[in-house]
Amino acid sequence: MSNKVTITYLNRDGGGFAERHTLDAGTTVAQFLEVRGVNADNCTVRIVRTGQGGFTPTADEVFQEGDRLSCVPLKIEGASA
Amino acid sequence: MASTASFVREVALRVLERHSLSLQAEKQRILEEIRLAKRSRRRRERLLQLAREKGFQFCLGRLSSPGMTLERSPYYGVSTHYDQRTTPEHEASLNEMLRAIRREIRQARNASPDPVEANLRGLLDEAELVSKKPPEVRWVVENVELQDVWIGDLEVNLTLDDFRVHVWNHSVDTDDKGGYQHPHVNGEGNICWGDNETAAQAYHHSGDFLALKDLIHNLLRTYNGHSPYITLDDWINGVGTACYECGERYPDDDLVWTEDIEGYLCESCRSYCDRCQKYVCYRHYDRDFAACQNCVEEHAITCGGCGDKFWENDLETLEVAWFDQPSAILVCKDCFPEFQKQEDRNEDLHDTARLLAPAVDGSANGQRTLFDGHLAA
């Protein structure tokens, strides 16, 4: 069994573009976000996992191969034009 | 179940294909940018070389700063200006973009539809499938409140093939809010994304529909006081001007000022008089005459025959003898023939009377009258 997992992270600051990350197996959502300075309290965090659909992970959720993690800020300002 | 699975698979494959095409289009756009940048750089190099050869010191001085080039304008002649495309930084940035897009294209080529399928399954768990062709889903963002102002339950419609999102407010009457469905959603249901459109489109193109759903959800629950379609104050109090007659509020473009009541009237409460070419309140409009009551009072006259009112131009003048005095009456076209006949008969009677007059009134010159004799006695 590989000791690495590859996930896709939808970067909240990068215009929604996807980034691929290879992580140590056993990395949790909280660990991943902490390294990137993302406060999960200010975001809608979601993992889309093949065969399981989308779900809101707990902080100690361990990534699995192929997970897609999105972090959408709670405050998103629209405009008028 | 099998039908849903095949539908999800089909949509996922289409999303991947579309994503791949959009990446190819983006790559072509970057290549075109690179070509234009190369041309601009070559042109600047030629200008510099020419200036050196001819000893144009002024020109050399102006062109020596990075990015500066010459331009010929029909108005200003030849002038120097800054062209970012001639800079090495621009070239480096384009090359980086090209590398990134090529990387993405390689990834997309090998991409499995599984993540998109997982997204679609998750989306279908949380939203209702409205139609399969084109694939469209809807969901409701409930109980939206912005800074303690009730906005309502918002229905979001999302097309999966193309990037089309519409939001409708089914909780409040949006007429007095200028038709706006939300402070950041216009009357056609289109969201104004602010700085988030690129992210929203990127989520959609890559099939990350759940991330897009989260983005829409959070956007609808955030108020940007700097540039709303409608402020929260106006959302509470209504926008536009109140119609003088019904009191409903409308955008100013939908109202017309009328002298008739010295106020603004909405489309439902006003009528246009073709005769005086003015809008009037619907209460002051005579539908039988298709004109305002003022025009009817001033220009409509009662027919001397039937008693109905007609426009003065539609009446016929009939000369009649009234107690032996010539007079005229106005009658409508329907009454005119009857009156004409009657008048002709009257004229016959007058002629008869005139013929008989000497016999009736002959006593004055010693003639016997019809009333002489025993009857007269």
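Two strands pair if DSSP finds at least two bridges between them. The model described here is predicted. Chain A has 81 residues, of which 30% count as buried, and chain B has 377 residues, of which 24% count as buried.

**Chain A: overall make-up**

- Chain A contains 1 helix and 5 strands, and along the sequence these elements follow the pattern β-β-α-β-β-β.
- Among the contacts in chain A between residues at least 6 apart in sequence, 49% join residues at least 24 apart.

**Chain A: the sheet**

- Strands of a sheet pair through backbone hydrogen bonds, either parallel or antiparallel.
- In chain A, 5 strands form an open sheet with mixed pairing, and their order is β2-β1-β5-β3-β4.
- The edges of this sheet are β2 (18–24) and β4 of chain A; each has a single partner strand, so one side of each is left without a neighbour in the sheet.
- On average, neighbouring strands of this sheet are turned by 25 degrees against each other, direction ignored.

- Strand β3(A) is mostly covered, since 6 of its 7 residues are buried.

**Chain B: overall make-up**

- Chain B contains 9 helices and 18 strands.
- Of the contacts in chain B with a separation of 6 or more, 39% are between residues 24 or more positions apart.

**Chain B: a sheet of four strands**

- An open sheet of 4 strands in chain B has the order β3-β4-β5-β6, with antiparallel pairing.
- At its edges stand β3 and β6 (164–169) of chain B; each has a single partner strand, so one side of each is left without a neighbour in the sheet.
- Neighbouring strands of this sheet are turned against each other by 25 degrees on average, direction ignored.
- Helix α6(B) packs on the sheet and touches β4, β5 (149–159) and β6 of chain B, its direction making about 30 degrees with that of β4(B).
- Strand β3 (residues 128–132) and strand β4 (residues 135–146) of chain B run antiparallel, with 4 bridges between them.
- The two strands β3(B) and β4(B) are connected by a hairpin through 2 residues.
- Within this pair of strands, B:Glu128 stands opposite B:Arg138 in β4(B), and the bridge partner of B:Ser131 in β4(B) is B:Glu136.

**Chain B: helices α5 and α6**

- Two packed helices are described by the angle between their axes and the distance between the axes.
- The axes of helix α5 (residues 197–205) and helix α6 (residues 209–220) of chain B come within 7 Å and cross at roughly 150 degrees.
- Angles over 145 degrees count as roughly antiparallel, and α5(B) and α6(B) are therefore roughly antiparallel to each other.
- The crossing of α5(B) and α6(B) is left-handed.
- From α5(B), the residues B:Ala199, B:Ala200, B:Tyr203 and B:His204 meet B:Ala211, B:Leu212 and B:Leu215 in α6(B).
- By class, this contact of α5(B) with α6(B) has 6 nonpolar residues, 1 polar residue and no charged residues.

**Where chains A and B meet**

- In the contact of the two chains, 27 residues of chain A touch 31 residues of chain B.
- On the side of chain A that touches chain B, the elements giving two or more residues are β3 (43–49), β4 (53–55) and β5 (68–73) of chain A.
- The residues on that side of chain A divide into 10 nonpolar, 12 polar and 5 charged.
- Helix α4 (residues 114–126) of chain B lies across β3, β4 and β5 of chain A and runs at about 65 degrees to β4(A).
- Helix α6(B) lies across β1 (4–10), β3, β4 and β5 of chain A and runs at about 10 degrees to β5(A).

Methods:
Residues numbered from 1 in each chain as written. Chains lettered and ligands numbered in written order. Predicted model: local features only at pLDDT ≥ 70, side-chain atom pairs only at ≥ 80, totals over all residues. Contact = placed C-beta atoms within 7 Å. Nonpolar A, V, L, I, M, F, W, Y, C, P; charged D, E, K, R; others polar. Axes fitted to C-alpha atoms, helices over the stretch in contact; angles between N-to-C directions. Parallel < 35°, antiparallel > 145°, perpendicular 65-115°, else oblique. Left-handed = near helix turned anticlockwise from the far one by under 90°. Buried ≥ 20, exposed ≤ 12 C-beta atoms within 10 Å, placed from the backbone.
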